[in-house]
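Subject: Structure handover

Hello,

Here is the structure for you to look through.

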Amino acid sequence: MQAKKRYLILLSAGACLVLLFYLGGVQLPAASRSRHDRSRNGYRPDQPWPHFSDPLHLFLPWDQTDTEEYNLHISPRQKRDVNTSVYKGKRCRMDSCFDFSLCQKNGFKVYVYPQQKGEKISESYQNILATIEGSRFYTSDPGQACLFILSLDTLDRDQLSPQYVHNLKTKVQNLPLWNDGRNHLIFNLYSGTWPDYTEDLGFDIGQAMLAKASISTENFRPNFDVSIPLFSKEHPRTGGERGYLKYNSIPPFRKYMLVFKGKRYLTGIGSDTRNALHHVHNAEDVVLLTTCKHGKDWQKHKDARCDKDNAEYDKYDYKEMLHNSTFCLVPRGRRLGSFRFLEALQAACVPVMLSNGWELPFSEIIDWNTAAVIGDERLLLQIPTTVRSIHQDKILSLRQQTQFLWEAYFSSVEKIVLTTLEIIQDRVLEHGSRSSLMWNSHPGGLFALPQYSGYLGDFPFYYATLGIKPYPKFTAVIHAVSPLVSQSQPILKLLVAVAKSQYCAQIIVLWNCDKPLPAKHRWPATSVPVIVIEGENKVMSSRFLPYETIVTDAVLSLDEDTVLSTTEVDFAFTVWQSFPERIVGYPARSHFWDSNKERWGYTSKWTNDYSMVLTGAAIYHRYYHHLYTNYLPTSLKSMVDQLANCEDILMNFLVSAVTKLPPIKVTQKKQYKETMMGQSSRASRWADPDHFAQRQTCMNKFASWFGAMPLVHSQMRLDPVLFKDQVSILRKKYRDIERL
């Protein structure tokens, strides 16, 4: 009897399973896989009628089935298959898809393919190529190259865009040096198109690296790809505007706490977060504005909120909001990246990121937790409470870091491209790569060259961070261009005066004269070593070469006709020890904008305002010799050498570009100008009108290369304590200065 019951139960269960299969309530795994495979290949079957046995799901149009909610029902294996299908080289890393041997002989050199006739190139991509070709990495010889850049425009891979380049797959495969993309770097800002906006570029990138905007963490290949910011075609090629933070307000709160103004997408990918912003908007200190008034057919698709949103949207000026808000919301758009990101950085408005899965720009080197708030799209309603809870000290720190990052890496196309190349160079030359501190603190990775030293204490920027001081001695470098014919020449008097300084470690005489080196007995006896070396090619730039004989941190740069006393040298060095990243010295000059000629002007008038301290009598850190030689382009140094002029101006441009600060002028005797003009070796140069005109030309040429005027005006002059005070001379430390 019990056996019959068991048979009946089994029969009933089997009948139920057959019925479920028949009605479609349970699907075989194979069927499920084939359905997803077909949908990935572009085939989407008509939506079936719902069955009562189906679990209830929110309605999604067919073009939203790639969202996060839909992906919850895809197995991990299927997700991996989808991601792998975007880039065939998904598993590529530097050690597997990059040939390091190409970089061993000539270092990190970059080759740009010649532009092909008839190929259209967008302005943004032209700026990228021009930056690379003007950089110190560029080589025109592919045989010397370590990295290769396509001349084919790959920035916009949206098929609906007028900038889209057709037949790119064939064109790339026909390149003679392509080699399946090995050692190639591809730049891209836009990929995919309506409705799913995938990250597929439309051609096989092979083993090439990607420098891509809006790249997801799922498709990003760590330590191989580089995530770059999305920037507009109006983004400047060089220079770029400074950040908008002019001064620090305490407490650091502004009119608005949190703002956003942008498009709202009614349907499709990227619409969820922006459609929900009205729940957080309070029209007081949280102002989140959206408009659906965009596109050709917006009126056909508008919802019940569109008219109200559009009216509210038009009430506010975007720039006014941006500059008067503490935090700026950066939600994803159709793609993960947004123009709002760079706009917020520049405005010192702390970005609040709402773009789940976005690999933030330059994430390999930048610690974004020090400059942004990383939110979660699913927790939108908690954002106002979160930002209100951030302490004002933290807000001030975040805001200051936005300005540093903007000016160091994002203010121009040039900085974005050079940062990308420097990141790759650090991977290639791993033993000489930058530390996180170099990338995330002033002056930034572009100005801190690791080839100089692997120890942070050798740079002038990190003494305070490390809690150390520069070496308490200096090396004097005297630039000699005149033959030694008399024992009364100014250079000999200068040498004796400098040698008597208690801070002098050694004196180097750089012999750039056409005459042979004088015999050793012609030089006066001193208590410190005097080293005479011949200048390389007898050119002006040789005075700033990184000579190995310079062993101190400080360099006292002197012209042969400079007249300084030992006391003046001691005081200048004492001041420099407090400002080791700046130029500190005596002869000051200034620049100005000539509105009539619409160009920069140079003036030597003695006023209370200055922006340069000439290197004829100045102290600076020896690292600037390395930077002058290895950072500046050959074109500028060649110009200096051909004119035999302007090397001091170029050094001031460089140091001000690095520090964003003016040099420091110290006390000098009033007769300095007349003394210089009276010296025979350089009198002709100071009196020559062509000499002055050349310096005007140099100013504008240098400003053009830097992309902006880096020089900063100052009215500060540092004098000894009690200088010119009506007290006993015995109470003054640098008493001899007043007697001169």
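Below is what the analysis found, from the whole chain down to single residues.

This is a predicted model: local features need pLDDT of at least 70, side-chain atom pairs count only at pLDDT 80 or more, and totals for chains, interfaces and linings use all residues. Residues are numbered from 1 along each chain as its sequence is written, and side-chain values use heavy atoms, with hydrogens and water left out.

**Whole chain**

The protein chain has 26 helices and 23 strands. These are DSSP runs numbered from the N terminus: helices are H or I with at least four residues, strands are E with at least two. Of the 740 residues, 52% are buried. Buried means under 20% relative accessible area, exposed means over 50%, and partly exposed is in between (1.4 Å probe, protein chains only). The accessible surface is about 36000 Å², and carbon and sulfur atoms hold 53% of it. Areas come from the Shrake-Rupley method with a 1.4 Å probe; for residues, only the protein chains shown count as cover. Take the contacts between residues at least 6 apart in sequence: 74% of them join residues at least 24 apart. Contact means heavy atoms within 4.5 Å.

**Cores**

The largest nonpolar core has 76 residues. Such a core is a set of buried Ala, Val, Leu, Ile, Met, Phe, Trp, Tyr and Cys residues joined through side-chain atoms within 4.5 Å. Among those with the most contacts inside it are Phe362, Trp368 and Phe410. Helix H15 (residues 413–428) gives the most to this core, with 8 residues. Leaving aside neighbours within four places in sequence, Phe410 is in contact with residues including Pro229, His235, Phe362, Trp368 and Ile416. Another core lies apart from the largest one; it has 52 residues, among them Tyr620, Tyr624, Met651 and Val655.

**Thr615**

Thr615 sits in the loop between strand S20 (612–613) and strand S21 (617–621). Is Thr615 buried or exposed? It counts as buried, at 0% relative accessibility. Not counting residues up to four places away in sequence, Thr615 touches Arg543, Phe544, Ser557, Leu558, Tyr620, Asp648 and Met651. Tyr620 and Met651 also belong to the core of 52 residues.

**Helix H25**

H25 (residues 689–706) has 18 residues. From first C-alpha to last it reaches 26 Å, close to the 26 Å expected at 1.5 Å a residue. The expected span is 1.5 Å times one less than the number of residues. Its buried residues include His691, Arg695, Cys698, Phe702 and Phe706. Gly707 follows H25 and has a positive phi, near 85°.

**Salt bridges**

The whole structure has 20 salt bridges. Each is a side-chain nitrogen of Lys or Arg within 4 Å of a carboxyl oxygen of Asp or Glu.

- Glu364 pairs with Arg427, with the closest N and O atoms 2.4 Å apart. Glu364 is in the loop between strand S11 (350–354) and strand S12 (373–374) and Arg427 is in helix H15, so the pair ties together parts 63 residues apart in sequence. Glu364 is partly exposed at 34%, whereas Arg427 is buried at 9%.
- Asp376 and Arg378 meet at 2.8 Å, N to O. Arg378 is exposed at 59%.
- Lys538 pairs with Glu534, with the closest N and O atoms 2.7 Å apart. Lys538 is partly exposed at 30%, and Glu534 is partly exposed at 46%.
- Arg136, Glu422, Asp426 and Arg434 form a network of salt bridges.

Best wishes
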